[in-house]
Amino acid sequence: MPELPEVETIARGLARRVSGDVIESIWLGRKREPLKSSAREIAATLEHSRIAGVRRMGKHIVFDLVHQGVGPIEAARSRTAQWIVHLGMTGRLQVCEPQAEVLKHTHAILKLASGTELRFVDPRRFGRLSVARVGGFDVGGIEPLEADLDRFLILFCGRKTPIKSALLNQKLLRGVGNIYADESLFRAGIRPRRRASNTTRDQLAKLLASVKEVLEEAIALGGSSISDYVDADGEEGFFQLEHRVYGREGQPCLVCKTPIKRIVIAGRSSHYCPKCQR
């Protein structure tokens, strides 16, 4: 599933390509699973709306819309809304020319005034499309790239869950997933099974710095293309080449040469170095 760096990369690419464009019409497929809001509500919100901007909230892509009705009276009453896209495991948002082949698992096609199309493709159908009024959508948690130490300490101090589970809790920290939790814990020197309540203030401070460092580096490299992730331009990311523990079970640690271990915590794979992490 795309995590914060991948979603941020896609949102930035879409912002460059479709901000300011107008959605003239929308086609929605027959499959119900991708539609968190009703098809009628999505169409009514998106059609004849200008895309004021595209941004990330947690693992969601949010399109800020300004809707102007057709006709002189309706056009004078503009209203704002949001189109919210969660990519799930295999979802993609692609900017295409109209003559481009429509892929089999395409669930939405937005025709834009610029002459291009924005398409949502999702083979496994875990992605979700919804709409909301401005201010009506809240993903919870705090933004890790904006978190200060005091807020971070309040979130994690005293929790009896493993520190890895706490990092993945989207109600605490939005957008961090399995890959970047493993990489952040490695750089902070903390084992994923350590209880959050047994983690010192200095260790949590180092962990916060590591989380920000890893996420910023991953964004700069376009995210990690582990499965079928590509950005808004169809390009793969490169941060997977920088992974120090994730997906490296049995391989030597890049620091001490100890074989990387893999364990399962709350049903999720976790990778760590038994010597570098305590």
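These entries record what I looked up in the predicted model.

**Basis.** I worked from a predicted model in which local features need pLDDT of at least 70 and side-chain atom pairs count only at pLDDT 80 or more, while totals for chains, interfaces and linings use all residues. Residues are numbered from 1 along each chain as its sequence is written, and side-chain values use heavy atoms, with hydrogens and water left out.

**Cysteines.** I searched for disulfides (pairs of cysteine sulfur atoms within 2.5 Å) and found zero. Cysteine 256 is in no disulfide, its nearest cysteine sulfur being that of cysteine 273, 3.5 Å away. Cysteine 273 is buried (under 20% relative accessible area, with a 1.4 Å probe and protein chains only), at a relative accessible area of 0%.

**Helix α6.** I took helices (H or I, at least four residues) and strands (E, at least two) as DSSP runs, numbered from the N terminus. Helix α6 spans residues 178–188, and eleven of its eleven residues are buried, so the helix is largely enclosed by the rest of the structure. I noted that its cover includes α1 (4–18), α5 (163–168), α7 (201–220) and β10 (268–272). Just after α6, glycine 189 has a positive phi of about 75°.

**Serine 224.** I located serine 224 in the loop between α7 and β9 (261–265). Serine 224 is buried, at 4% relative accessibility. Its side chain makes a polar contact with that of histidine 243 at 3.0 Å; such a contact is a pair of N or O atoms within 3.5 Å, where within protein one must be able to donate a hydrogen and the other to accept it, and residues adjacent in sequence count only if both atoms are side-chain atoms. Leaving aside neighbours within four places in sequence, I listed the contacts of serine 224 (heavy atoms within 4.5 Å), among them Glu6, Tyr229 and Phe239. Two α6 residues, Ile179 and Tyr180, are buried and are also in contact with serine 224.

Methods. Buried < 20%, exposed > 50% of the residue type's maximum accessible area, 1.4 Å probe, protein only.
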